[in-house]
Amino acid sequence: MRCSKFRKAVLPLAMETGDERELALRLERTDVKLRSHLDSCEECRSYLRSCRETLAGLSVLEADQPGERKWSEVRDAIHEAVRQKAPVYGVAWPSLSRVSWARAGAIAAVALIISAVSFVYFRPGPLDESLPRALRVAGAPGGEEADLAFLDELEVTDREYDELISEIDELMREIDTAYAQLDIGTGEVSLDKGRFENIPT
Amino acid sequence: MCPEEKKLIADFQGGDGGAFDKIFEMYRERAYRAAYAWTRNRDDALDIVQEAFIKLYKVLGRWKPRASVYTWLYRVIINLSIDRGRKKTRRREVRTGDIVPEERDERLISRDIGGFESVAREETRTFIRRAVSSLPPKQRAALILKYFEGLTIAEIAVIQGCSQGAIKANLFHAVNKLRIILKKNGTTDYAD
């Protein structure tokens, strides 16, 4: 057996055995080649000894366990942290009910509508060569060079946008009322779906 | 996974909050040992254990019975320890020449209570800690899990997500490097 091969094979023995007696017992039960190599090679015997000393030295890194009081503090801190972070899973909080999911869905739908409306009205269009240069460069009206007709057009758009926002507000109020009714168990949610369809996307 | 662990997880998933405390008691010491061996600092180790158990709490509700809690826990602890080590190194790079407060404190205490002998022992301890810290993360993790936790090669391979051959190689290199470092420093005879 070559020394390099021996060294790889002997390391688990060095790690898993406590004192010399235990090591001798393990060696007796182990491969004959390993044993005979160890008997004949002084360098490998020294290597094994050195490995065992190294591993024994690691015992200084072993930690004293904290006391029961410290563990209670850690446990309390864990409970406190999970209570604050409110995970979706776990026993401290009931799982989300269908009503909550429905409410979240409705809010998401309204947010989507608002985003769509905002996108339609505020997206930058292709540059109009007929516009004054100041407008094309700045990308927004302003300054003395701004075209008055363009400003009028913007004002109309602004008004339309305000109307849409108030319509969405009204819808939100309806949703809230409907859920309030549901919460107190007075009936089912009835939303006028047509109101959503009227909103341009 | 042992039957007790399985039962506790089932209890937790069934709404028994006390089951988590029992799991905590079951693994807290092993978790602490692994974290301490890595960080060499009591407070850091406790923080890591706390963080690991918070993560466990979050995933325990959808735990699959085939995975063992402590295998997962060790993996989280090793990752958290590596992250914390990186953050500390970055901080230390900014303030060069700093001594780690924990090491400085321990040395001072030793001088007060035990004279030269305990100072020498403390220096040896610090040197060994540094030698272990200088190992690459994979070798260090393999060494800690094998030596301090007494895990099998197969268990370490699952935790580290690599082959058993790779773990054996990591252990071999880790012990050899330590052996060489300690021999150079003349720290081979350090029986307490």
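**Entry 1: a salt bridge in chain B**

I began with Glu149(B), which forms a salt bridge with Arg33(B); their closest N and O atoms are 3.3 Å apart. This is a predicted model, so I am reading a prediction here. Where do the two partners sit? I found Glu149(B) in the loop between α6 (137–148) and α7 (153–160) of chain B, while Arg33(B) belongs to helix α2 (residues 18–39) of chain B. The pair therefore ties together parts that are 116 residues apart in sequence.

Next I looked up how open each partner is. Glu149(B) has a relative accessible area of 9%, and because buried means under 20%, I wrote this residue down as buried. Arg33(B) comes out at 27% relative accessibility, so I noted Arg33(B) as partly exposed.

**Entry 2: pairs within one helix**

How many residues apart are Asp11(B) and Lys7(B) in helix α1 of chain B? They are four residues apart in that helix (residues 3–13), which means that about one helical turn separates them. Asp11(B) is partly exposed at 24% relative accessibility, whereas Lys7(B) counts as exposed at 53%.

Chain A gave me another example. Arg83(A) and Glu80(A) meet through their side chains in a salt bridge, at 3.2 Å from N to O. They are three residues apart in helix α5 of chain A, so about one helical turn lies between them. I also checked Glu80(A), which is partly exposed at 37% relative accessibility.

I finished this page with the total: the count over all chains is 12 salt bridges.

**Entry 3: where chain A meets chain B**

How many salt bridges are counted between chain A and chain B? I found two. In one salt bridge, the side chains of Glu25(B) and Arg75(A) meet at 3.8 Å, N to O. I also looked up polar contacts between chain A and chain B, and six residue pairs are counted, with both residues at pLDDT 80 or more.

Which elements of chain A give two or more residues to the side that touches chain B? I listed α1 (3–16), α4 (42–57) and α5 (68–85) of chain A. Of these, α5(A) gives the most, with 11 residues. I sorted the residues on this side of chain A by kind and got 22 nonpolar, seven polar and 10 charged.

Then I looked at the whole interface. Here 39 residues of chain A are in contact with 41 residues of chain B. The area buried between the two chains is about 4000 Å², and carbon and sulfur atoms give 73% of this area.

**Entry 4: how confident is the model in chain B?**

Chain B averages a pLDDT of 78, and 78% of the residues score at least 70. Where in chain B is confidence lowest, and where is it highest? I found the lowest value in helix α5 (residues 101–133) of chain B, with a mean of 61. Helix α3 (residues 42–60) of chain B has the highest, at 90.

Terms used:
Residues are numbered from 1 along each chain as its sequence is written. Chains are lettered from A and ligands numbered from 1 in the order in which they are written. Side-chain values use heavy atoms; hydrogens and water are left out. pLDDT is the predictor's confidence in each residue, from 0 to 100. Contact means heavy atoms within 4.5 Å. Buried area is the accessible area (1.4 Å probe) that two parts lose on being put together, summed over both. A salt bridge is a side-chain nitrogen of Lys or Arg within 4 Å of a carboxyl oxygen of Asp or Glu. A polar contact is a pair of N or O atoms within 3.5 Å; within protein, one must be able to donate a hydrogen and the other to accept it, and residues adjacent in sequence count only if both atoms are side-chain atoms. Ala, Val, Leu, Ile, Met, Phe, Trp, Tyr, Cys and Pro count as nonpolar, Asp, Glu, Lys and Arg as charged, and the others, Gly among them, as polar. Buried means under 20% relative accessible area, exposed over 50%, partly exposed in between (1.4 Å probe, protein chains only).
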